[in-house]
Amino acid sequence: MQRRSFVKNSVLASAGFSILPSSSLFAQQQKIKLGFIGVGLRGQDHLEMALRRNDTDVIAICDIDDRMLGMASKKIKEFNKPAPKIFTGDPYAWRRMLEIKELDAVLIATPWEWHAPMCIESLQAKKYVATEVMLGITLQDHWNVVKACEENNGNLMMLENVCYRRDVMAILNMVRQGMFGELLHLQGGYQHDLRAVKFNDGKNPYGGGVEFGEKGFSEARWRTNHSVYRNGDLYPTHGIGPVAEMLNINKGNRFISLSSFATKSRGLHNYIVEKGGANHPNASVQFALGDIVTTNIKCFNGETILLQHDTNLPRPYSLGFRVQGTKGIWMDVNKSLYIEGVSKTNDQWEDAAPYLKQYDHPLWKKYSSSAEGAGHGGMDFFVFQAFVESVKRRTKTPMDIYDAAAWSAITPLSEQSIELGNQTVDFPDFSGGRWMQTKNIFAMNDEY
Ligand SMILES: NC(=O)c1ccc[n+]([C@@H]2O[C@H](COP(=O)([O-])OP(=O)(O)OC[C@H]3O[C@@H](n4cnc5c(N)ncnc54)[C@H](O)[C@@H]3O)[C@@H](O)[C@H]2O)c1
């Protein structure tokens, strides 16, 4: 049945393309011109994705850090691609980049606090926008970007790569075929020991010191301050993105409310003392961020979601996914599932691997060799490809502004809930009711 629906979708999709007006066909075939704002470590990953393709030209890059610009330029040379125009010198140099008329799309990979203004002005300049995760800081930021997108009839996609993780997509495939029955409860999160990312020696990105802020390098320069001043789920999108796709959030379903709980804060302080000594000036910094922040979300269609943010303690990496419905359950930590009537074992976990193989998503089946060597186990290829193909076709991106806003707004809402003594707070409907009519277009076939 799954095969049939994918075949049907692919046939419909290709039939759709064959009746496109010739101008759209041209748009589909031409190369697109890209500009990058922020070519730090993540921006360089995306840059490499662009350089590996033959349907994208990188015509402009912008950053305020000479070292990052140097690394990006070196990469461009290594790929034998023409040197782009460089915009630098002040924190608003990107505004000059947005004046380039022929620029089709802008990719933003800067510190979180810059995303909202950069997204808004890129939309106003009528560019397709891809932004790295987090749409803004405050709830108002999120509303402002949504408004700019609507007013300019724009397209904005948040580059949430975990939506394209191979096992996650296979599970999505199974969900869409009803293997888990009706979904009831999903879990996910960001459970990643970031202590050596939040602190470094100011020269190398990972560890080697306990500096942050002006003395830190890469993410330690800006990300750590969010742990000093904010207490909430600071990085919800890797966990919520895949879960939201399975639940059709903003496409017939929506988040209704959430409440968050934070533990006390110990991990970051202990790390500084352990690695830098009790007399290091950073040993006196008070971190607002609780080490483990747990958020419960209620959805319109009656499902619940549990999200965890856990980045300050020694622990192996795990996004902690769990997908549970009336017929079965999958958990990624033990790489196991159980499906009533299908699993050979009775009430026992079964290795998920054969199922993940059998239900491998058509996108992965088709593009796994292209994705080879791309960041984060290949998923970076898919998220970049989805954006580029949408720009080429001048069509909607598979994850849209309302997804970006809803997923990213979990942060300010969780801060609010914790501030209010774990009160349940209402989730705004950024879509203004459009969620009732919109259909999910994420990964419906093997195109992009
Ligand atoms: N999806 C993922 O897997 C993933 C992985 C890593 C980072 N990220 C996200 O990517 C984004 C960037 O993170 P990073 O790791 O590259 O950080 P980074 O610090 O290495 O890079 C940020 C870059 O932005 C530049 N910048 C800062 N202010 C600027 C301005 N006003 N104008 C132009 N450039 C400016 C900095 O100089 C730096 O080069 C963040 O949103 C982060 O959360 C996502």
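**Core packing and loop residues in the predicted model**

Setting aside neighbours up to four places away in sequence, V323 contacts I171, V175, F180, L183, L186, M246, I329 and W330. These contacts, like every feature described below, are taken from a predicted model. V323 also belongs to the largest nonpolar core, which comprises 123 residues. Together with F36, I108, C119, V145, V175 and A405, V323 is among the residues that touch the most other members of this core. Helix α15 makes the greatest contribution to the core, supplying nine residues. Because both domain 1 (21–162) and domain 2 (163–367 + 401–436) give residues to the core, the core lies between the two domains. In soluble globular proteins, nonpolar side chains tend to be buried together.

The loop between β10 (304–310) and β11 (322–325) contains L319. This residue is buried, since 20 other C-beta atoms lie within 10 Å and the threshold for burial is 20 or more. Residues up to four places away in sequence not being counted, L319 touches V162, G188, G189, Y190, Q191, H238, G239 and D332.

Positive phi angles were examined next. S218 is not a glycine, yet its phi is positive, at about 55°. The residue is located in the loop that connects α9 (195–198) and α10 (219–229). With 19 other C-beta atoms within 10 Å, S218 is partly exposed; a count of 20 or more would have classed it as buried.

R394 is likewise not a glycine and has a positive phi, of about 50°. The loop between α15 (379–393) and α16 (401–408) holds R394. Here 15 other C-beta atoms lie within 10 Å, and R394 is therefore partly exposed.

Helix α4 itself covers residues 66–78, 13 residues in all. From its first C-alpha to its last, α4 reaches 18 Å, close to the 18 Å expected at 1.5 Å a residue.

How values were computed:
Residues numbered from 1 in each chain as written. Predicted model: local features only at pLDDT ≥ 70, side-chain atom pairs only at ≥ 80, totals over all residues. Helix = DSSP H or I, 4+ residues; strand = E, 2+ residues; numbered from the N terminus. Expected span 1.5 Å × (residues − 1). Buried ≥ 20, exposed ≤ 12 C-beta atoms within 10 Å, placed from the backbone. Contact = placed C-beta atoms within 7 Å. Core = buried A, V, L, I, M, F, W, Y, C linked by C-beta atoms within 7 Å. Domains from an automatic or database assignment.
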